[in-house]
Protein chains: 2
Amino acid sequence: MNIGTAAERSGLPAKTIRYYEEIGLLKPDRSDNGYRDYSAADVHKLRFLQRSRSLGFSVEECRQLLSLYDDQERESADVKAIAQAKLAEIDRKLAELAGLRDMLRHLVANCHGDDRPDCPIIDGLSGEGDLRSAAACHGKG
Amino acid sequence: MNIGTAAERSGLPAKTIRYYEEIGLLKPDRSDNGYRDYSAADVHKLRFLQRSRSLGFSVEECRQLLSLYDDQERESADVKAIAQAKLAEIDRKLAELAGLRDMLRHLVANCHGDDRPDCPIIDGLSGEGDLRSAAACHGKG
DNA sequence: CTTGACCTTCCAGCGACTGGAAGCACTACA
DNA sequence: TGTAGTGCTTCCAGTCGCTGGAAGGTCAAG
């Protein structure tokens with residue numbers, strides 16, 4: 001399929017897809033007319049790239065993760081090591097995101113515009129202290 | 001406190017902290033000697049910036065989120081609208097991260113290096129199809 | 001056979017840092 | 001009091017990851 005279709009299906013702009021090719025993340029075939037020709041597997045990779053980039057993984061990290069797919073003949077231990085390191089990082093990110101979510105939920109639920117000027121809600125946003133103590137500033141007692 | 005201490009406590013490089021000041025995310029006081037002087041609240045903001053940037057939020061999004069803290073006199077409806085929009089995005093990110101984690105867990109648990117060349121593990125990584133069907137390629141069943 | 005959408009390459013610019021130079025401020029220690 | 005060392009300052013340049021735009025080739029429709 002052409003790059004436009006791949007872009008649509010992956011959620012990435014065509015510009016970005018060409019850039020990913022330029023830096024060696026992906027090598028689509030070329031049609032006789034010189035157009036890039038993406039396979040379903042390419043689109044899978046692109047979708048994966050879109051997801052993991054938007055979640056804060058660097059292009060180099062994405063390259064490593066993609067290598068789990070591409071380098072079928074590498075040592076199983078390597079694959080596991082990479083995947084496990086990423087797992088730990090994902091778990092950390094999950095915890096941080098959950099913290100952010102809880103704080104914002106609390107903010108939505110408890111703030112009515114009557115905030116005092118130094119409400120320590122940011123304590124929660126910054127991941128310090130616990131949610132309930134930050135909550136105290138808005139519960140109006 | 002000086003920028004070095006703030007850097008240490010926030011997890012951000014001093015360079016980045018100065019850059020955040022330059023683009024107006026933060027305005028620390030200045031000591032008589034011209035050194036930047038960070039308050040505990042500043043460090044909270046920096047920690048928050050460190051977290052949310054690493055989770056894939058843009059600087060502009062972070063600016064909005066910080067405004068929940070800074071613009072105490074803004075309409076409560078505004079605050080809620082911003083927070084709720086971010087909540088939806090965070091929930092989406094949480095779901096995607098959880099998907100990524102589950103796939104990698106499966107990879108760690110089930111791949112022994114005997115993969116066939118087009119194992120569709122990437123289907124799961126790309127967020128398409130469900131985990132169990134991707135799992136089938138490795139379960140050797 | 002032209003219009004318009006889509007593709008190509010190339011080059012420039014932007015967002016978000018990051019590194020390094022040149023120089024001032026502070027602490028410590030002879 | 002001098003001086004070494006560390007940390008701070010500004011400024012400028014470079015990098016990473018895109019992103020926009022120009023100039024031009026390709027293709028399906030009317």
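Arg36(A) reaches out to the DNA: an N or O atom in the side chain of Arg36(A) sits 2.7 Å from a phosphate oxygen of DNA strand C. That counts as a polar contact, meaning a pair of N or O atoms within 3.5 Å. This is a predicted model, where local features need pLDDT of at least 70 and side-chain atom pairs count only at pLDDT 80 or more, while totals for chains, interfaces and linings use all residues. Residues are numbered from 1 along each chain as its sequence is written, chains are lettered from A and ligands numbered from 1 in the order in which they are written, and side-chain values use heavy atoms, with hydrogens and water left out.

Here are the phosphate contacts side by side.

| Residue | Distance to a phosphate oxygen of DNA strand C |
|---|---|
| Arg36(A) | 2.7 Å |
| Asn33(B) | 2.9 Å |
| Arg18(A) | 3.0 Å |

Zooming out, 18 residues surround DNA strand C, each near the strand in the sense of having a heavy atom within 4 Å of it. Among the closest are Gly4(A), Lys15(B) and Tyr20(B).

At least two residues each come from α1 (3-10) and α2 (14-22) of chain A, and from α2 (14-22) of chain B. Helices here are DSSP runs of H or I, at least four residues long, numbered from the N terminus.

Now for another spot: Arg101(A) belongs to helix α5 (residues 76-110) of chain A.

Key. A polar contact is a pair of N or O atoms within 3.5 Å; within protein, one must be able to donate a hydrogen and the other to accept it, and residues adjacent in sequence count only if both atoms are side-chain atoms.
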